[in-house]
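Reader: I'm new to this one. Could you walk me through it in plain words?

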Amino acid sequence: MWREPTALDGKYAPAFRADMTWVDTHCHLQLDERDPAAMLGRAISVDWVVAPGVDAESSAASVRLAGQFPDKVVATAGLHPHEASRWSEQSAEIVGLADVVSAIGETGLDFYRDLSPRAEQVDSFRAQIELATAKNLPVIVHCRDAFREVHDILETSGEGERAVLHCWTGGRKWTKRFLELGVTFSFAGPVAFETGETIRLGAELVPPDRALVETDTPYLAPPPHRGQPNEPAWVALVGEALAQVWGVPPETAAAATSATAERIFKP
Ligand SMILES: [Zn+2]
């Protein structure tokens, strides 16, 4: 039985260890009203973060943050599936930013909340895969209740190796099918939730050189911080859960996922 860490485990502030640093590959610092310098300052065991844009404005903000913290923040430009119906109005600005970012996205499909019509989500997703291909960049993909559709679009595009599936929640079946496409999987707080058994069964199948860790700040805080605004410092808690799933020491998971992040976002 999986046990979520609690405050009593002394994990409120993961201890700094020089031999164990992490990369938070999905951290919306620019969507958070808290001071990014303070949040990065608290994240003493975090080497650097990726700050995904979700629309033109937040993509421009991501680029500004990366300018302000060049060693700490990597910028992206993209339109979230929730906002996909704005693609025609926003695409020029996002395409314009594509030359100064390290990834396209976050894009993808969200058929759980359906905040944009599905056909428009598909169009926006396809257009952003094409943009990533044209610029030779990775593409950050949000996938909720749309495993089959995301799989088919990546397969048809032939660009699976470019895809980073953020906050991966697929079980064995979908993890296997996406592994065949050459994608990279990014794990977030839910891998450590008591209810995360399906995610852990999928994670067991993912080799460390195809795995990343993220917080999805300010959302999805890992245990024992569930319900609080998330922050990059807590990526270590996600990584420790993943290490437990793999049956390896946390420093092994930290080194492997950080090397994967370097390869993808800082080639
Ligand atoms: Zn996100």
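Author: Strands here are DSSP runs of E with at least two residues, helices are runs of H or I with at least four residues, and both are numbered from the N terminus. This is a predicted model, in which local features need pLDDT of at least 70 and side-chain atom pairs count only at pLDDT 80 or more, while totals for chains, interfaces and linings use all residues. Residues are numbered from 1 along each chain as its sequence is written, and side-chain values use heavy atoms, with hydrogens and water left out.

Reader: OK, is Thr 184 buried or exposed?

Author: Thr 184 is buried, with a relative accessible area of 3%. Buried means under 20% relative accessible area, exposed means over 50%, and partly exposed is in between, using a 1.4 Å probe and protein chains only.

Reader: And which residues is Thr 184 in contact with?

Author: Leaving aside neighbours within four places in sequence, Thr 184 is in contact with Ala 163, Val 164, Leu 165, Arg 210, Ala 211, Leu 212, Thr 260 and Ile 264. Contact means heavy atoms within 4.5 Å.

Reader: Tell me about Arg 210 then. Where is Arg 210 found?

Author: Arg 210 is in the loop between helix 7 (197–203) and strand 8. Arg 210 is buried too, at a relative accessible area of 19%.

Reader: What does Arg 210 touch?

Author: Not counting residues up to four places away in sequence, Arg 210 touches Phe 178, Leu 179, Gly 182, Val 183, Thr 184, Phe 185 and Thr 260. Take Thr 260: Arg 210 is 50 residues away from Thr 260 in sequence, but their C-alpha atoms are 6.7 Å apart in space.

Reader: New topic: the metal. Which residues are the protein donors of the zinc ion?

Author: They are His 26 (NE2), His 28 (NE2) and Glu 106 (OE), lying 1.8 to 2.2 Å from the zinc ion. Donors are N, O and S atoms within 2.8 Å of the metal (3.2 Å for Na, K and Ca), and water is not among the atoms, so sites may look incomplete.

Reader: How are the donor residues spaced in sequence?

Author: The pattern is H-x1-H-x77-E. His 26 sits in the loop between strand 1 (22–24) and helix 1 (36–42), while Glu 106 is in strand 4 (residues 103–110), so this pair ties together parts that are 80 residues apart in sequence.

Reader: Are His 26 and Glu 106 buried or exposed?

Author: His 26 is buried, at 0% relative accessibility. Glu 106 is buried as well, with a relative accessible area of 1%.

Reader: Let's zoom out. How many helices and strands are in the protein chain?

Author: The protein chain has 9 helices and 8 strands. Its radius of gyration is 17 Å, close to the 18 Å that the globule rule gives for 267 residues, so the chain is as compact as a globular protein of that length. That radius is taken over C-alpha atoms, and the globule rule is 2.2 Å times the number of residues to the power 0.38. Along its principal axes, the C-alpha trace spans about 50 × 40 × 30 Å.

Reader: How much of the chain do buried residues make up?

Author: Buried residues make up 60% of the 267 residues. As for contacts between residues at least 6 apart in sequence, 73% join residues at least 24 apart.

Reader: Which residues other than glycine have a positive phi?

Author: Among them is Asp 114, with phi near 50°. Asp 114 lies in the loop between strand 4 and helix 4 (118–135) and is partly exposed, at a relative accessible area of 33%. Cys 167 is another, with phi near 45°. Cys 167 is in the loop between strand 6 (163–166) and helix 6 (172–181), and counts as buried at 15% relative accessibility.
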